[in-house]
Amino acid sequence: CALPIAIVVDCGTAGPPVIEPDIPASEVAAAVGADVAALTAAGDRGNAVTTMARGAEVIATRLHAEGRLDGLLAIGGSGGTSIASAAARALPIGVPKMIVSTMAASDTRSIIGQSDLILAASVVDVAGLNSLSRRIFANAAAAMAGMVTAAPVEAADERPLLAASMFGVTTPSVTQAREILEGRGYEVLTFHMTGTGGQSMEALIDAGFIRGVLDVTTTELCDELVGGELTAGPNRLTAAGRRGIPQAVSLGALDMVNFGPRETVPKQFDDRTLYVHNDQITLMRTTPEECAALGREVGEKLSAATGPTALFIPLKGVSMIAVEGGPFHDAAADEALFDAVRGACGSNVEVIELDLDVNDPAFSQAMADWLSAQLEATA
């Protein structure tokens, strides 16, 4: 078969390109109604980067729609990575996308977003070439060539897709429910609720890939409310309701806010109940007041749903460490959560209270049974 052709896109505004591009910077800027000469003359680097990022997104989307883009490869510092990642995030999941970046060892959540972008550390600066960068860039080029020329991956599984939310402290529950649902003919995509996990799950639901949701673990709401590190943003727990697909929801891990190593926990929380999960993660127990706010939020979001919706309340504990005798057991906080969510749920939400903890096999069985029954009814 014919080898792919490299299309060079110039997204710079600081001067003439080193090599002649196939798509010049003027065309990238014009794609969003801007003038590259004016951007250069203004000397506003931030505005130039933002504008060229929007232009790169338009160009990449257009090339892919025309069948001319099989993969995206870029190099950049912070500015170049910002531009290239905007283009990469605009491409569908599965299209190879890779950036060799000076930012690869930083917090990359805003760079990757909900995409399958691959970041490779440049090790040295990307300005100019040297004996080390030549090898790194060559490796990246070889990786992209391999990805775009690889044999197509056969679709081995055509089962309806379900989404499930999981965390370490709800793993037994989600694992059993997944096994039950897969035994009934569904493929279950499990997402780890680390902020980006919840965002990715919501994005795939919005995109129409998902038939039903087993949302056992809504913990990211805690981080958004209190200021933890694993927030998925304010739109978590909304996509399934908008799409009108069945969703079985629980209160998994609403007992905890997530921080990094113990020394990174903000000083204002020094008097709170903390639990060192490992040397990289410190958990903080949510208070009754926070739990009440979380319960109201869950109830209000579920009440806005347009499809079959059930809330499963695990009365004996919302996580592995919130059960009686566990470090996060707090009966007052749990009752505040349960009372608030009961009061906030509308008549469209089926509220199912079980005298079990979230990881009890009977609890996950109940959630799986309800979801599969709804899926069969709406098939």
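The lining of the second largest pocket consists of nine nonpolar, three polar and one charged residue, where Ala, Val, Leu, Ile, Met, Phe, Trp, Tyr, Cys and Pro count as nonpolar, Asp, Glu, Lys and Arg as charged, and the others, Gly among them, as polar. The model is a predicted one, in which local features need pLDDT of at least 70 and side-chain atom pairs count only at pLDDT 80 or more, while totals for chains, interfaces and linings use all residues. Residues are numbered from 1 along each chain as its sequence is written, and side-chain values use heavy atoms, with hydrogens and water left out.

The second largest pocket holds about 350 Å³ of space. Of its 13 lining residues, Pro92, Ile93, Gln114, Leu204 and Phe209 are the closest to the centre. Helix 8 (residues 196–206) supplies the largest share of this lining, three residues. On a 1 Å grid over the protein atoms alone, a pocket is an open set of points with protein on both sides within 12 Å along at least five of seven lines, a cavity is a set where a 1.4 Å probe fits but cannot get out, and lining residues have an atom within 4 Å of a point. Points are joined across faces, edges and corners, and a volume is the space filled by probe spheres set on them.

Helices are DSSP runs (H or I, at least four residues), numbered from the N terminus. Axes are lines fitted to C-alpha atoms over the stretch in contact, and angles run from 0 to 180 degrees between N-to-C directions.

| Helix pair | Angle | Axis distance |
|---|---|---|
| Helix 11 (residues 288–303) and helix 12 (residues 331–344) | about 25° | 7 Å |
| Helix 7 (residues 171–183) and helix 13 (residues 361–378) | about 40° | 8 Å |

The angle of about 25° makes helix 11 roughly parallel to helix 12, a term for angles under 35 degrees, with over 145 roughly antiparallel, 65 to 115 roughly perpendicular and the rest oblique. Their contact (heavy atoms within 4.5 Å) comprises 12 nonpolar, three polar and two charged residues.

The angle of about 40° makes helix 7 oblique to helix 13. Here the contact has seven nonpolar, five polar and no charged residues.

Definitions and conventions
Helices (H or I, at least four residues) and strands (E, at least two) are DSSP runs, numbered from the N terminus.
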